Amino acid sequence: MYKKSYKGFVLGLLVFLVLLMSIAFIPAEDEQLPMRLIMLLTVWYMAALSFQVWRTEQVYWYNGTSFEDAEAAGSERRKEFAWRHFRIFGMFALVMAVLSCAMQLLGWSAWIDFTVGTVGICVACFMTIPIKL
């Protein structure tokens, strides 16, 4: 039975916030590493959220999708819809992880990560707009 619940969403958000706050306690010589970690955590949270939506089929967590529409779509359509979202956010998270590690090793400014991460999240969001349930 398909049941409406936001418990997983709230729990995931709380874990994300605790992890974000814990970055303040990581010893760092400058602001580059914490800033990179914040961006990486944000990108990976988006991927984890889309994975959680795929796993639980709670696609109504996405803007523009009602619980009633999700319920009527059936399990197979919900899974496919969520999988397409996860592929986009998951691939971006992998690319971002590689780029951030390389930029950290090369000593490049974390503002590059911030810019790439922000633009990347926006692009990923726009890429999901055409995906229909």
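Mentor: The expected span of a helix is 1.5 Å times one less than its number of residues. Helices here are DSSP runs (H or I, at least four residues; strands are E, at least two), numbered from the N terminus.

Trainee: What span should α2 have, and how far apart are its end C-alpha atoms?

Mentor: α2 has 25 residues, so it should span 36 Å at 1.5 Å a residue. Its end C-alpha atoms are 36 Å apart, which agrees. Now take α4: its 32 residues reach 46 Å from first C-alpha to last, close to the expected 46 Å.

Trainee: What should I know about the model before going on?

Mentor: It is a predicted model: local features need pLDDT of at least 70, side-chain atom pairs count only at pLDDT 80 or more, and totals for chains, interfaces and linings use all residues. Residues are numbered from 1 along each chain as its sequence is written, and side-chain values use heavy atoms, with hydrogens and water left out.

Trainee: How many helices and strands does the protein chain have?

Mentor: Five helices and zero strands. Along the sequence the pattern reads α-α-α-α-α. The C-alpha atoms fill a box of roughly 55 × 30 × 20 Å along the principal axes.

Trainee: What share of the protein chain counts as buried?

Mentor: Of its 133 residues, 38% do. Buried means under 20% relative accessible area, exposed over 50%, partly exposed in between (1.4 Å probe, protein chains only).

Trainee: Which residues have the most contacts inside the largest nonpolar core?

Mentor: They are Tyr2, Val43, Val53, Val59, Tyr60 and Met96, in a core of 28 residues. Helices α2 (32-56), α3 (67-73), α4 (75-106) and α5 (110-128) each supply at least two residues of this core. Such a core is a set of buried Ala, Val, Leu, Ile, Met, Phe, Trp, Tyr and Cys residues joined through side-chain atoms within 4.5 Å.

Trainee: Which residues does Val59 touch?

Mentor: Set aside residues up to four places away in sequence. Val59 then touches Tyr2, Val53, Thr65, Ala70, Arg78, Phe81, Ala82 and Leu133. Contact means heavy atoms within 4.5 Å.

Trainee: Is Ser50 buried or exposed?

Mentor: Ser50 is buried, with a relative accessible area of 1%. This residue lies in α2. Beyond its neighbours within four places in sequence, Ser50 is in contact with Tyr62, Ala82, His85, Phe86 and Phe89.

Trainee: At what angle do α4 and α5 pack?

Mentor: At about 170°, with axes 10 Å apart. Axes are lines fitted to C-alpha atoms, for helices over the stretch in contact, and angles run from 0 to 180 degrees between N-to-C directions. The two helices are therefore roughly antiparallel (angles over 145 degrees). By class, their contact has 12 nonpolar, five polar and one charged residues. Nonpolar means Ala, Val, Leu, Ile, Met, Phe, Trp, Tyr, Cys and Pro; charged means Asp, Glu, Lys and Arg; the others, Gly among them, are polar.

Trainee: Where does Glu57 lie?

Mentor: In the loop between α2 and α3. Glu57 counts as buried, at 12% relative accessibility. After α4 comes Gly107, with a positive phi near 75°.

Key
Angles under 35 degrees count as roughly parallel, over 145 as roughly antiparallel, 65 to 115 as roughly perpendicular and the rest as oblique.
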